[in-house]
Amino acid sequence: MSGHRALRVGDSEFLGGIGLAEKQAAAGCRSDALLVPWSLRWVRGLLPGAEGGAWWAEVICCLAETRDSGERRQYVRSYRRSVPRLVWTSWTPQVRFVAPAPVGVGYSSVKWKGTKVATLSPEEKFGIRYGTRGIRTVDQIWSLLIGLVVIALGIIGFAQTGFTNYTEMTDHYILGLFRTNGFHNTAYIVVGLLWLLGALVLTPAGNQGVNIALTIVLLLLAVLGFLGYWHLLSIDAGMNGNNILHLVGAIATLIFLTFGAVV
Amino acid sequence: MAGLRMTVGVLAVLGALLDRPDTELYGLEIVRASGLEPGTIYPILQRLRAAGWVSDRWEDGELAHTEGRPPRRYYRLTTEGRARAIHALQHGRDRRGLGRLLAPPRLPAVPSSEAEPA
């Protein structure tokens, strides 16, 4: 142990493969691998080969020795939550191969594509809000409002259509304006939840990403809707409430995501 | 060498390893000693290992097999890591908000030549 040295980028012992002992350990764990739920099995494939094997063996070891089923579930959830950080750490040599500085010493100048990696917060890395609450930008207010409206439309729509003729053209209208069916109502709710995700869970940058994606989706819906390709959603061709709603929604979202990313 | 921020999690893992500096600890022991979850400590140990603060070894497969469990991966602080960890914890204890987590640390004596890590 005393002869240990820090492994470095490109070190074949670290990156080229796990050691013999680790391979034996991983092999010895096969009978216990059934303890690991399917939700964690794919994670191994996300890591560099050597890391994946070592991580897998350690997860199996930890779960095999945890007798209490409640505690084991808690640990599985913990492993699941750690996946983004684990993948990040495993694939970022600039982060992996530097020593932690003593407390009180400033951040390093570790850079990745011109950005100081060490100073990035989890928010900046993943676009998911971390330890903060509340709306921050104008376009997040837009996302919140439009998300709530769209979910309301979906709920009102289901009150009209029920779950019959789920993907058929129907004669049901929301507020007498927007023709709908069950599939269309489901789409309303899913899109509304995406908007709420952007407003309440993601960072402003993450919300902008959601708005860009939804703008493209709404534009496609509007254009193909005008041409009559959306009978699956109970949308008629030509000028009608649905197509106009999609077009207006796309333009408004585009405006907000372009000019509204301010506090 | 460039450094990273010393997080509460890193300090907790270092504290757990320093509590028994002459003993190798495996993952589950560190989980219980640090109060952190296994998904949290694994990336931390990965970083500390890559930085040379912590060394690791896999347990002999035969021994584990006779005890009817998978082999464990044992971790311990290296000489350099021990000195640096003591230094980090002494500073970390003074920081607001960390006292509850870190106090009272049972810090072993630091060899005089290693008291101030480079």
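This note walks through some features of the two-chain model above, point by point.

1. **How to read the model.** This is a predicted model, in which local features need pLDDT of at least 70, side-chain atom pairs count only at pLDDT 80 or more, and totals for chains, interfaces and linings use all residues. Residues are numbered from 1 along each chain as its sequence is written, chains are lettered from A and ligands numbered from 1 in the order in which they are written, and side-chain values use heavy atoms, with hydrogens and water left out.

2. **Salt bridges between the chains.** A salt bridge here is a side-chain nitrogen of Lys or Arg within 4 Å of a carboxyl oxygen of Asp or Glu. Over all chains, the search of the whole structure finds 13 of them. Take B:Arg72 and A:Glu65, whose side chains meet at 2.7 Å, N to O. This pair crosses between chains: B:Arg72 is in the loop between α4 (61–66) and β4 of chain B, and A:Glu65 is in the loop between α5 and α6 of chain A. (Helices, H or I with at least four residues, and strands, E with at least two, are DSSP runs numbered from the N terminus.) Are the two partners buried or exposed? Both B:Arg72 and A:Glu65 are buried; buried means under 20% relative accessible area, exposed over 50%, and partly exposed in between, with a 1.4 Å probe and protein chains only.

3. **Another bridge across the chains.** B:Arg32 forms a salt bridge with A:Glu71, and their closest N and O atoms are 3.2 Å apart. It runs from helix α2 (residues 27–34) of chain B, which holds B:Arg32, to helix α6 of chain A, which holds A:Glu71. B:Arg32 counts as partly exposed because its relative accessibility is 47%, and A:Glu71 is partly exposed at 22%.

4. **Bridges involving chain B residues.** B:Glu29 and B:Arg20 also form a salt bridge, with the closest N and O atoms 4.0 Å apart. B:Glu29 is partly exposed, with a relative accessible area of 23%, and B:Arg20 is partly exposed at 39%. Which residues are linked in a network of salt bridges? They are A:Glu58, B:Arg49, B:Asp56 and B:Arg73.

5. The charged end of B:Arg72 sits over the ring of B:Tyr26, 3.9 Å from its centre. The rule is that NZ of Lys or CZ of Arg is within 6 Å of the ring centre and within 35 degrees of the ring normal. In chain B there is also an open sheet of three strands, in the order β2-β4-β3, with antiparallel pairing. Its edge strands are β2 (25–26) and β3 (54–58), each pairing on one side only. Two strands pair if DSSP finds at least two bridges between them; β2(B) and β4 (residues 73–77) of chain B pair over two bridges. B:Leu25 has B:Tyr75 in β4(B) as its bridge partner.

6. **Aromatic pairs.** Five aromatic pairs are found over all chains. Rings of Phe, Tyr and Trp (its six-membered ring) pair if their centres lie within 6.5 Å; planes under 30 degrees apart count as stacked, over 60 as edge-to-face and the rest as tilted. The rings of A:Trp55 and A:Tyr79 have centres 6.1 Å apart and planes at 90°, so this pair is edge-to-face. A:Trp55 in helix α5 (residues 49–64) and A:Tyr79 in helix α6 (residues 69–81) of chain A are 24 residues apart. A:Trp55 is buried at 1% relative accessible area, and A:Tyr79 is buried at 3%. A:Trp142 and A:Phe256 form a stacked pair, 4.6 Å centre to centre with 10° between the planes.

7. Most residues other than glycine have a negative phi. A:Asn165, though not a glycine, has a positive phi of about 45°. A:Asn165 lies in the loop between α10 and β4 (172–174) of chain A. A:Leu175 also is not a glycine and has a positive phi of about 55°; A:Leu175 is in the loop between β4 and β5 (178–180) of chain A. A:Leu175 is exposed, with a relative accessible area of 58%.
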